[in-house]
Each structure stands twice: as structure tokens, then as C-alpha cells.
Amino acid sequence: MQTSDECLATWMGREALAEAMIPVIGRLYRESNVVISIHGRSLVNKSTMSILKAHRFARRISKEELPLEETAPLLNALARLGLGPAAIDIARLNQKYKEKGDGARLEDFLRAELAGVVNKKASKAGASTDVVLYGFGRIGRLLARLLVEQAGGGHGLRLRAIVVRKGADNDIVKRASLLRRDSVHGSFEGSIKVDAGTNTITANGVRIQVIYADDPAAIDYTAYGIQDALIVDNTGRWRDLEGLSQHLLSKGASRVLLTAPGKGDLKNIVHGINHGDITDQDRIVTAASCTTNAITPVLQAINDRYGVIHGHVETVHSFTNDQNLIDNFHKGDRRGRSAALNMVITETGAAKAVAKALPELAGKLTGSSIRVPTANVSMAILNLTLERSTTKDEVNTYLREMALHSDLRQQIDYMDSPEVVSSDFVGSRHTGIVDGLATLSTDRNLVLYVWYDNEFGYSCQVVRVMEEMAAVKRPSFPSANVVEEALSVLATVAS
């Protein structure tokens with residue numbers, strides 16, 4: 001056991017390693033468009049303490065704390081490779097090196113593992129796509145934060161404008177204030193400047209044109225230097241092909257993404273599940289709902305392994321702006337009663353919407369919802385009847401491995417802490433977090449509890465769909481080995 005002095009010295013040594021990582025992470029991001037993360041948690045623009053906490057948090061997923069003594073030299077080696085744009089999880093990359101490096105030098109292993117982006121560093125900004133946010137409410141402002149955060153050196157998605165209806169003489173100041181301060185997600189990380197003369201908001205160097213308009217078909221985006229823009233409609237006002245097609249009549253608009261479930265034959269995309277269905281010919285697609293995004297990846301994982309005969313999805317959902325703060329008239333049933341004082345039973349189309357992304361589950365799921373007096377973070381309870389039996393330990397091990405190693409690792413997270421509550425998941429970038437301790441399994445009956453940040457986690461999914469539509473998605477490393485990794489671990493557990 002260490003003495004008090006030794007314990008403090010160890011901590012100070014780890015602090016020094018974390019401090020030294022900050023400029024390396026920053027250069028990789030600004031110069032090469034490389035995003036460094038630990039189990040999906042970005043380290044870009046993070047403090048020394050945040051980096052230390054991310055290494056400590058790794059034990060929640062991989063069962064042991066991530067040593068900075070291993071990640072620091074790995075990061076320095078990455079910086080010497082002249083990398084092109086990429087998303088690199090150093091926790092998983094370090095684990096893969098220890099398990100499958102076969103004694104190779106670290107730099108040789110990294111060159112082989114990241115061969116597709118080694119020596120691909122661009123001398124100038126790479127391909128980018130102009131983005132316009134049509135509407136600037138809860139989701140719109142979170143998308144703005146994410147796009148500013150990922151701006152890098154001008155690669156990828158470039159936020160160029162927001163479109164709103166003018167609500168006051170000092171409208172732009174109020175819009176900027178809402179971007180700067182958020183009661184749920186905290187303060188914006190960086191600086192925001194307003195130029196009322198040019199109707200622009202500049203956030204961390206990203207100049208955002210504020211356009212006031214009522215008609216989505218009558219805007220000349222090219223007048224602001226915006227070309228072939230991806231229009232992200234987060235108003236929810238139009239949800240069918242006819243309504244959303246209005247955007248394409250505006251000069252400078254090229255494609256449209258709706259941040260809500262679409263109606264008719266529009267493709268409802270859940271990234272990680274059916275994003276491959278997006279084609280160059282698709283001018284309008286939708287990103288489905290927050291709940292559909294939260295439950296579909298977990299349902300696919302369970303259906304692939306155990307088969308789902310039928311099930312019921314009950315969502316315990318935070319209240320939204322659609323409800324009344326105090327009792328008042330509302331056209332919807334029960335939603336007129338105070339959201340801040342009541343649990344409110346309401347409908348949800350999420351269970352049926354799953355079938356649009358996972359056709360094999362069509363007709364197998366029912367769903368309902370209870371709105372509760374919390375501002376953010378919801379839970380989906382999946383009550384499933386399976387084709388084959390399982391145990392709590394087996395299914396939890398499988399889902400934990402899916403969160404670590406599969407193609408769904410950006411969507412599915414796993415937690416087995418006995419102390420977590422809803423507020424602990426504010427800001428989660430995953431679409432659904434399986435609460436392993438709450439899992440119930442009896443023969444072929446399975447109950448899963450899945451937490452989700454219905455605002456931020458969903459916004460992260462929207463950005464992923466945007467990247468697919470714009471063909472600017474960074475390749476992720478290390479590559480996933482979903483079947484091999486998960487099934488090998490399950491075999492070990494069974495034996």
C-alpha cells in the first residue's frame with residue numbers, strides 16, 4: 001500500500017501525463033481532423049481533469065481503469081503517422097494492441113491498424129458540406145453545439161446558417177443567449193459573439209448567418225455564399241414529402257434531413273441500423289425519433305442473438321415543450337395537464353417505427369409512454385419474449401461486448417453501477433445505455449432497462465446521419481469485430 005506522499009506523487013505524475021496529452025490531441029484535431037476518444041467520449045478541447053476522469057471512467061465498460069502510462073505513448077505515436085481524417089478510440093486501440101499486438105513495436109502495430117489513413121494528412125481543408133439549421137429550438141441548438149465542436153480546420157460539416165422567424169427586436173441577442181446558456185446541458189464551451197449589423201453569431205470562430213424567414217421555399221442561400229446545402233429541419237412542422245420538398249425550392253439547398261419521424265414513404269434512418277439505405281438519389285430523409293433511435297440498436301442486438309417473438313416497449317419520457325407547464329387547453333389527450341406536476345400517460349409511435357429500420361420486427365412490438373416531471377433523460381423498458389432462453393449474466397455480457405466491440409458501439413452503451421440515476425446520463429453521446437443491474441431474465445422472458453438522453457444522444461445520431469448524407473464521415477478505428485468478439489466472450493462465460 002502506498003504512503004500518503006507516494007499516493008500524491010502518483011497522482012501528480014498522472015496529471016503531468018494528461019496535461020502533455022492536451023496539445024497533441026489539439027494538433028491532431030486542428031491539423032488532421034482526427035478526433036481522439038475513450039469509449040466514445042471525445043477528448044477534444046477537454047481539460048486535464050476531464051482526461052483523467054475519462055481514463056477512470058473506462059473501468060465502467062472494460063472493468064479496469066485505463067492507464068495513462070499506456071495511452072500517452074500511444075497518442076504520441078499516432079501524432080507521428082501523418083494521419084488523415086479519422087475517429088480513434090485510444091482505449092479500444094490500446095486494448096487491441098495488448099491482446100493482438102503479438103509483440104510488435106507500437107508504431108508498427110499502429111501503421112498496420114490505421115493503414116487507410118496513415119500519411120494521408122491534408123495540406124489544406126478537405127471536403128466540406130454547408131449546413132443550414134431550419135429552426136433553432138432544443139435540438140437545433142444542440143446540433144449547433146455539436147457542429148461547432150466538430151468544426152476542426154473546416155473539414156466535414158460546416159454550419160453556415162440558421163433560419164428562424166423573428167420574435168423580437170433583439171431576437172439575435174436572445175438566440176445567442178440560448179446557445180450560450182442551457183439549463184440542462186450547461187454553458188457553451190467557448191466564446192460567442194453577436195454582430196447585429198450583419199445578423200451573425202460567431203461561435204468559436206464559426207460564423208453563423210441568422211436568416212429570418214417564414215417560407216422555406218423562398219430563401220436565397222447563395223446570397224450568403226451557401227451552396228448545395230444540407231437543410232436540417234428541426235421544427236417538426238412538415239413531416240411528409242410534400243411539405244419538406246419546399247426546402248428544395250430555395251436556391252442553394254440540395255438535401256433535407258428531418259429531425260423527427262417522417263410520414264409516408266420517407267426513409268426513417270437510425271444510424272448504425274439502416275444508414276446504408278441512404279443513396280445519392282435521396283433528397284429527403286428523416287432521423288426518426290429519439291426513442292426509436294434509443295431502442296432499435298438494442299433490439300437488433302437481441303434479435304440477432306436470441307430472436308424476438310414479440311414484446312412491449314414502455315417509455316418513461318421527460319416532458320417536452322409540447323406539454324403545458326400548468327393546466328390549460330391542449331388538443332392532445334392529457335397533455336393539457338401540468339407537465340411539471342404530473343406523470344402523464346400518452347401515446348408513442350416508436351415501437352411501430354422500429355419496423356421501418358428493422359423490418360424483421362414488423363408487427364412484433366407494442367408501445368406506450370409515460371411523460372414524467374424531469375427536463376431530460378428518459379428510459380425505455382423492453383419486455384421481450386425470445387425464441388431461445390438466456391440468463392441475466394449471459395445477455396449482459398453479450399450487450400457489454402456489443403458496446404465495446406461491435407458496429408453498434410456508437411449507439412449502445414452499458415452500465416452496471418448500483419448508484420446511477422437519470423441525471424447521470426445527461427450529455428451521453430450514445431443513443432441507449434443498458435442498465436445491466438436492472439436486467440431481468442427468466443427462460444425466454446427478458447426485460448431490459450435502457451436509459452437515453454432524449455436530447456443530446458439523439459442529436460449525436462442526427463449528426464451521424466448528416467455525415468452519411470454528406471459523405472464526410474470519418475473512418476473509425478480500431479475496426480469492429482462484432483461476431484468474433486461477442487461470441488468468443490459468450491463461449492468463455494458459458495464454459
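Colleague: Over which ring does the charged end of Lys166 sit?

Modeller: Happy to start there, with the ground rules. This is a predicted model, where local features need pLDDT of at least 70, side-chain atom pairs count only at pLDDT 80 or more, and totals for chains, interfaces and linings use all residues. Residues are numbered from 1 along each chain as its sequence is written, and side-chain values use heavy atoms, leaving out hydrogens and water. A charge sits over a ring if NZ of Lys or CZ of Arg is within 6 Å of the ring centre and within 35 degrees of the ring normal; at 5.3 Å from the centre, the ring under Lys166 is that of Tyr212.

Colleague: Thanks! How are the rings of Phe425 and Trp451 arranged: stacked or edge-to-face?

Modeller: Rings of Phe, Tyr and Trp (its six-membered ring) pair if their centres lie within 6.5 Å, and planes under 30 degrees apart count as stacked, over 60 as edge-to-face and the rest as tilted. Here the centres are 5.2 Å apart and the planes make 20 degrees, so the pair is stacked.

Colleague: Is Phe425 buried or exposed?

Modeller: Buried means under 20% relative accessible area, exposed over 50%, partly exposed in between (1.4 Å probe, protein chains only). With a relative accessible area of 5%, Phe425 is buried.

Colleague: Which residue in E12 does Leu257 stand opposite?

Modeller: Strands (E, at least two residues) are DSSP runs, numbered from the N terminus, and two of them pair if DSSP finds at least two bridges between them. E10 (residues 253–258) and E12 (residues 284–286) pair in the parallel sense over three bridges. Opposite Leu257 stands Val285.

Key:
Helices (H or I, at least four residues) and strands (E, at least two) are DSSP runs, numbered from the N terminus.
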